Amino acid sequence: MSFFKSVVILKQTENGYSVNNKTLSGIARIETENENSQLYLTLVNMSSTLKGELYLFLLGDNEKTFAVPVLNCNGVYTKIYGLENCTSFSMGLFYVENSLPTLIAYGESENANGSS
């Protein structure tokens, strides 16, 4: 039985998507046990009055890409399949309105891109 946990801090890249002009941020935690992976995303200062949709795009070091809809401005919890061999991640939080995506927050795990 194997267990792996990775944490990604998301930092604001665009203004205008937070509450009262505060800094938007988030923390994503991925826990993988054997072949079962779970993603926990918590957003901080995300505006709940936006008209568009939120998506978290995740790229693992196994070059698999995942798009996770974020239906709640506080965050999301979901299971993801195909992460069992990943040890690092990059994540982007996108706001999509009128079919136009905008990257509003981004982060990488500590060991992404070969760093440790």
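1. Eight strands make up an open sheet, and their order across it is 5-4-7-8-1-2-3-6, with antiparallel pairing. The model is a predicted one. Strand 5 (65-70) and strand 6 (75-80) are the edge strands; each has a single partner strand, so one side of each has no neighbour in the sheet. From one strand to the next, the twist averages 25°.

2. Within the sheet, strand 2 (residues 25-33) and strand 3 (residues 36-44) run antiparallel and are joined by nine bridges. For a reader who wants to locate this pairing in the model, Glu31 has Gln38 in strand 3 as its bridge partner.

3. The structure contains three aromatic pairs. One of them is formed by Tyr17 and Tyr95, with 5.1 Å from centre to centre and 50° between the planes, a tilted arrangement. Tyr17 belongs to the loop between strand 1 (3-12) and strand 2, while Tyr95 belongs to strand 7 (residues 89-97), so this pair ties together parts that lie 78 residues apart in sequence.

4. Are the two members of this pair buried or exposed? Tyr17 has a relative accessible area of 14% and is buried, because buried means under 20%. Tyr95 is also buried, at 5% relative accessibility.

5. A further pair consists of Tyr40 and Tyr77: the ring centres are 5.0 Å apart and the planes stand at 35°, so this pair is tilted. The pair links distant parts of the chain, with Tyr40 in strand 3 and Tyr77 in strand 6, 37 residues apart. Strand 6 is one of the edge strands described in point 1.

6. As for accessibility in this second pair, Tyr40 has a relative accessible area of 23% and is partly exposed. Tyr77, at 46% relative accessibility, also counts as partly exposed.

7. The largest pocket holds about 160 Å³ of space. Its lining is made of 13 residues, and those nearest the centre are Leu50, Gly52, Leu54, Val70 and Cys73. By type, the lining has seven nonpolar residues, five polar residues and one charged residue.

How values were computed:
Residues numbered from 1 in each chain as written. Predicted model: local features only at pLDDT ≥ 70, side-chain atom pairs only at ≥ 80, totals over all residues. Heavy atoms only, no water. 1 Å grid on protein atoms, 1.4 Å probe; cavity = no way out; pocket = protein on both sides within 12 Å on 5 of 7 lines; lining within 4 Å. Points joined across faces, edges and corners; volume = space filled by probe spheres on them. Nonpolar A, V, L, I, M, F, W, Y, C, P; charged D, E, K, R; others polar. Pairing = 2+ DSSP bridges. Helix = DSSP H or I, 4+ residues; strand = E, 2+ residues; numbered from the N terminus. Axes fitted to C-alpha atoms, helices over the stretch in contact; angles between N-to-C directions. Phe/Tyr/Trp six-rings, centres within 6.5 Å; stacked < 30°, edge-to-face > 60°. Buried < 20%, exposed > 50% of the residue type's maximum accessible area, 1.4 Å probe, protein only.
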